[in-house]
Amino acid sequence: MEDLSQLNAASLGRLVLAYLKPIDGSYFWPASYKSAPQWAAVCLVLCTHWALIFFSSGSPASLKRAEQARSAKTHTLMTSIISWRKDALSKQETESALGGGTEKEGNQCLPEAERLFGLLYDDTFECPTNTSTPLSHYAEIEDLFKMALVRDLKLTIKYTTLARAMRVGSVSGEGEEAVKLASDHDNGEKLAKSLEFVAKVVKKLKIVDLPIDVLAEAKDLLSKVYASQSLKRIELLKLIRPALPYMAAGAFFSVVNCSLRGYFHSIGHWSACIEIASTGNRPAAVQALFSLWLGHMVIEFIERLDSSYVFRAEVLFKQRVRDGVLSAMLSQDYEYFDKNNSGVLQERLNRDSEDIGQNLVRFPITMLKRISWLTVNVFFVVFSVPPELLIPAFSPLLVTIPLQYFCFEANRKSDARQSKVAEKAVASTSEVIREIKTVRQFAMGIVLAPTTITALFARY
């Protein structure tokens, strides 16, 4: 045998071929219990190679520099906020001592809670900002964030309560600014967003020492606002009533369409045509093939009816929503349009009517269609497959369904992260382009260009 230290490429190739010579196609095929260990070994090798390439190499140096730059910027902002708060508190104490101002609570000298949250948690990479690099002011900013969060939630409760009182006219002694802010909290949307933000904070930062009484008050107020808003469902029923016949027709044709698809799209009918033709019975094969063609034509015809009725119901409902909102807007006084921009109102009317049409008309019919399709397919499988093969046929679903769920969830998070990174990269690029005004700034583009490229590279 040749010395292994003196093997060249050709001799090594001959040695490998000599080793693989006894292995023929039956070693891997057909797939069976006998070839399962070989396939498992191949999958293990490929997965190991994939993991070594994508997980063991670590982050590139450019991403590490970008991460260090983000940590340095976050540290600078934390230091600035703490310094600004100390100056504001000392100024407030001086004014109170001299009698030149009214004494206020210390939590008034705080930024918005959402701004402080951005310093504590990286929403793009979904991790606290001190995960990779310890930040000296992290704990102090976290304490300030808790104070700001409770302050903002109390203000939201205050203005929502004031808005509810303004509906019945039991408001007196409130300033113009308070009344304007209360009008923005009238529908309870800001209160719901505040509670969602609190839930996000508890989940992401593991903060559990928030005032229970304030949270209970906010949840109780939100339930009251929801109950009062739900009383208007009868008005929504009046708007959707003319579209109900078209919705019923669309739902009926959707169920029929899915039932026919479950029958005629089955592979068994196509294989039956081939088997009949292989026996030499040409007339029976042509008859079976014609039956399949006719069934597909009926499916296409019913699908046109389905889409037409659903589209008519959606358009009719959205038009009635627009007409109702526009008629209510025309009865408002000039002060209403001074507070609310007409362009914003028009854009929100179009967007909200589109969302309502999708959620109340198309979404229920789509869900009914999918449930019908699934039910018909399961029915044919259960009654077509022999009982001894039914359990082995359905057993892989116990693995594939959870696996698909986690895969879809991972893909959703990955897509969301890529979108956020791309938005930040575009924002930084726009800022650089906006600041190119002199020759010196233009020359700085050579230095700033790698920053933008690194930001885009962080998507992956």
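A: K206 sits in the loop between α7 and α8; such labels number the helices (DSSP runs of H or I, at least four residues) and strands (runs of E, at least two) from the N terminus. The model is a predicted one, in which local features need pLDDT of at least 70 and side-chain atom pairs count only at pLDDT 80 or more, while totals for chains, interfaces and linings use all residues. Residues are numbered from 1 along each chain as its sequence is written, and side-chain values use heavy atoms, with hydrogens and water left out.

K206 has a phi near 60°, a positive value although the residue is not glycine. Most residues other than glycine have a negative phi. K206 counts as exposed because its relative accessibility is 65%; buried means under 20% relative accessible area, exposed over 50%, and partly exposed in between, with a 1.4 Å probe and protein chains only.

Another loop, between β2 (127–128) and α5, holds T133. With a relative accessible area of 30%, T133 is partly exposed. T133 and R70 are 63 residues apart in sequence, and their C-alpha atoms are 9.9 Å apart in space.

The chain as a whole has 18 helices and 2 strands. Of its 460 residues, 22% count as buried. Among contacts (heavy atoms within 4.5 Å) with a separation of 6 or more, 74% join residues 24 or more positions apart.

The largest nonpolar core has 32 residues. Such a core is a set of buried Ala, Val, Leu, Ile, Met, Phe, Trp, Tyr and Cys residues joined through side-chain atoms within 4.5 Å. The residues with the most contacts inside this core are L116, I141, F145, L149, L153, V201 and L205. Two or more residues each come from α3 (61–98), α4 (113–120), α5 (138–168), α7 (189–205) and α8 (212–230), and α5 gives the most, with 8. F145 touches A113, L116, F117, L120, F197, V201, L205 and I207, leaving aside residues up to four places away in sequence. A second, separate core of 7 residues includes A243, M247, F317 and V321.

Axes are lines fitted to C-alpha atoms, for helices over the stretch in contact, and angles run from 0 to 180 degrees between N-to-C directions.

Helix α10 (residues 244–264) packs against α12 at about 155°, with axes 8 Å apart, so α10 is roughly antiparallel to α12. This contact comprises 16 nonpolar, 6 polar and 4 charged residues.

Helix α9 (residues 233–240) meets α12 at about 130°, with axes 9 Å apart, which makes α9 oblique to α12. Here L236, K238, L239 and I240 of α9 meet F317, R320 and V321 of α12. By class, the residues of this contact are 5 nonpolar, no polar and 2 charged.

Definitions and conventions
Angles under 35 degrees count as roughly parallel, over 145 as roughly antiparallel, 65 to 115 as roughly perpendicular and the rest as oblique. Ala, Val, Leu, Ile, Met, Phe, Trp, Tyr, Cys and Pro count as nonpolar, Asp, Glu, Lys and Arg as charged, and the others, Gly among them, as polar.
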